[in-house]
Amino acid sequence: QTEEDEDGEEDQIEKQSDSIDLANSESLLVYAENSNYKQSYLNVHYRSRHPDLIQFSNNAFYNGRLIPMPAKEEYRPIHFIEVNGLYHEQVNEDEAKKVIDILLDIKPLENGEYPSVGVATFNLFQRNLILEGITKYRQKPEYDKKISDLETAGLFVKNLENIQGDERDIIIISTTFGKTKDNSFRQNFGPIIQSNGYKLLNVIITRAKHEIFICTSIPQEYYNLYADLLRQMKNNGRAIFYAYLAYSKAVSENNIEIKESLLKLLCENNSSSTSIEPSKGSESPFEEEVYCRLAEKIGQERLEQQYKIGGFRIDIIVKPEQNDKPTIAIECDGAKYHSSNEAYAWDIFRQSQLEKHGFIFYRIWSTNWWYSPEKELEKLISFINKNT
């Protein structure tokens, strides 16, 4: 074998490795970042047709660096609707009805086609309730064609964990939570108030290109506490969620004074811990949540994200405390995991190859994590302690 043949083989191996890296990447952006391309932020924001749709996130999470495009016409981009519905058995029937009313009231555009619409809920149960309601309306001839037309235009109904990457002309949000039958109000809003929950909030409130409808049953006396909570919690948790509700109400009512003072407070209150830039490690809010919670328990020095080995990549690895113990590979599997037979087969092959090199795998499903994060974290730590 000649030296040229060896060089050719090395080139071929390198190309195969690059192809594997590309195939294993969730997007071209992720592949480019992992290939050490220099990041350059796009400061001009094109999605929102009205600055009020992005200004909250701009001040709260982007340090004001985004430059919104000016509105071509004056209109009200945010509609704040106080439903005051009852929260019972993890759903809010009044909000579900209101969402469907708004949906069925949407008018076609000048060209006769309907705008694209997305419905976002704060849990899976509310999403299912709204889908059931839409199905019932489809049984009525006067609504069936309209719903079909809306679906053709891109209608979706999703819970907040699954809305990443989507955008629509109109977004209708059901915040879902509210007072219970005993008139109590439990401020347990699921993943949106967990560590880094502000990223989920940022995703859900920046999906609209033209309008947002906020249907909420959160009592006003609670979300009006946003200023004090922001001082305690920064732009995160209940504080930022309540601040967005107050902001939406101000925009909806054209209360410029409250809107401007709130935006100023968000900007002053911003910190690096709630500043959103492209992550060098996590590829989803779910993965970052797992990483942060685990780092608090076992120490960041034992963890490594997006670990590369032999052309493969692992979401998170846990390094052993002793040399004779295995390395744990943690895979954070979201809603789109194994979306095709090819993806499933590739993942089985990848795991089998890495297990031959001493890795042991532990998979966390996003649905289980968001519903019971403490339980899932406890199970993960127990597995780590048992094996390392």
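Mentor: Keep in mind that this is a predicted model. We can begin with Asn254, found in the loop between α10 (237-252) and α11 (256-269).

Trainee: What is phi of Asn254 near?

Mentor: Phi of Asn254 is near 55 degrees, which is a positive value in a residue other than glycine.

Trainee: Is Asn254 buried or exposed?

Mentor: Asn254 is exposed; its relative accessible area is 61%.

Trainee: And Asn183, where is its place?

Mentor: Asn183 sits in the loop between β6 (168-174) and α7 (197-205). Phi of Asn183 is near 70 degrees, again a positive value in a residue other than glycine. Asn183 is exposed, with a relative accessible area of 56%.

Trainee: New topic, the sheet. In what order do the strands come?

Mentor: The order is β3-β7-β6-β4-β5, five strands in an open sheet with parallel pairing.

Trainee: Which strands stand at the edges?

Mentor: Those are β3 (78-82) and β5 (156-159). Each has a single partner strand, so one side of each has no neighbour in the sheet. On average, neighbouring strands of this sheet are turned by 15 degrees against each other, ignoring direction.

Trainee: How many bridges join β3 to β7?

Mentor: Five bridges join β3 to β7 (residues 208-216), and the two run parallel. As an example, His79 has Phe213 in β7 as its bridge partner.

Trainee: What does helix α5 touch on the sheet?

Mentor: Helix α5 (residues 124-138) packs on the sheet and touches β4 (117-121), β5 and β6. The direction of α5 makes about 160 degrees with that of β5.

Trainee: Which residues does Asp166 touch?

Mentor: Leaving out residues up to four places away in sequence, Asp166 touches Phe156, Lys158 and Arg207.

Trainee: Last one, the largest nonpolar core. Which residues touch the most other members?

Mentor: Phe56, Tyr242 and Leu294 do, in a core of 71 residues. Helix α10 gives the most to this core, with 10 residues. Apart from this core lies another of 22 residues, including Ala96, Val119, Val157 and Cys215.

Trainee: And which residues does Phe56 touch?

Mentor: Among them are Ile205, Ile240, Tyr244, Leu262 and Leu266, not counting residues up to four places away in sequence.

Note on methods. Residues numbered from 1 in each chain as written. Predicted model: local features only at pLDDT ≥ 70, side-chain atom pairs only at ≥ 80, totals over all residues. Heavy atoms only, no water. Helix = DSSP H or I, 4+ residues; strand = E, 2+ residues; numbered from the N terminus. Buried < 20%, exposed > 50% of the residue type's maximum accessible area, 1.4 Å probe, protein only. Pairing = 2+ DSSP bridges. Axes fitted to C-alpha atoms, helices over the stretch in contact; angles between N-to-C directions. Contact = heavy atoms within 4.5 Å. Core = buried A, V, L, I, M, F, W, Y, C linked by side-chain atoms within 4.5 Å.
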